[in-house]
Amino acid sequence: MPKTTTAPTTAAVFTDPTLSKAAELAADSYRPLWTGPSGEESSGDAVARHLEATSALLDKDGWIRTYDHGKDWSNGADLADDDSLTVKAMLKSLLRVVRDEIGTDPQRTLSTALRHIGEAGGHGDTDTASIASEVLDLVIRAHTGSDTARATPWSERQHRTHADITVLVAAGARFARTYGPGAVRSQL
């Protein structure tokens, strides 16, 4: 039966046995984990760097569980359509509405941060973004015991905290460096 955890115990569950279980899940998968949408393999280190950059971005800009899509958009924006307005006044009014509606808060969800690191190109690409997401899914599957669990819905649970996400992403990076291509494992 899948387990549900709350924030105080989250850090304790992403242990080496959890990562080992995630490696077993990856080995049993029908498709290669480390091959991205381009068809090329990414190293475990490249995926770990992507995850670490994701964590740094979330620390810098802030993490948000979900975006608020519940606004009542049916009322429309309150824009003046007075013929006597100057172009400058209309533009200022339009910019004010855009700023009020969109906001200036840079917070990102986990999935958005993963994607943005891939799009920025400095610490990853679309392949490492896709693989990093799959790595986090495996860690969550190993953590919960559910073969349908995914990291994004897990990160969006109402009781999740930024610390929970940071611990998950760090575990994903540890997993990538330990089990990914190019990993140096000690011989027993």
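Entry one. I began with D16, which counts as exposed because its relative accessibility is 56%, the cut-off for that class being over 50%. The model I am reading is a predicted one. D16 forms a salt bridge with R174, in which the closest N and O atoms are 3.8 Å apart. I noted that this pair links distant parts of the chain, with R174 in helix 8 and D16 in helix 2, 158 residues apart. R174 itself is partly exposed, at a relative accessible area of 34%.

Entry two. I then looked up E134 and R31, whose side chains meet in a salt bridge at 2.4 Å, N to O. E134 lies in helix 6 and R31 in the loop between helix 2 and helix 3, 103 residues apart.

Entry three. Within helix 3, I found R49 and D45 placed 4 residues apart, about one turn of the helix, and their side chains also meet in a salt bridge. The two belong to a network of salt bridges that links D45, R49, E52 and R177.

Last, I turned to the largest nonpolar core, which has 37 residues, and in which L51, L168 and F175 touch the most other members. Helix 6 gives the most to this core, with 8 residues. Among the residues that F175 touches are L19, W34 and V139.

Terms used. Residues numbered from 1 in each chain as written. Predicted model: local features only at pLDDT ≥ 70, side-chain atom pairs only at ≥ 80, totals over all residues. Heavy atoms only, no water. Core = buried A, V, L, I, M, F, W, Y, C linked by side-chain atoms within 4.5 Å. Buried < 20%, exposed > 50% of the residue type's maximum accessible area, 1.4 Å probe, protein only. Helix = DSSP H or I, 4+ residues; strand = E, 2+ residues; numbered from the N terminus. Contact = heavy atoms within 4.5 Å. Salt bridge = Lys/Arg side-chain N within 4 Å of Asp/Glu carboxyl O. Lists of a residue's contacts leave out its neighbours within four places in sequence.
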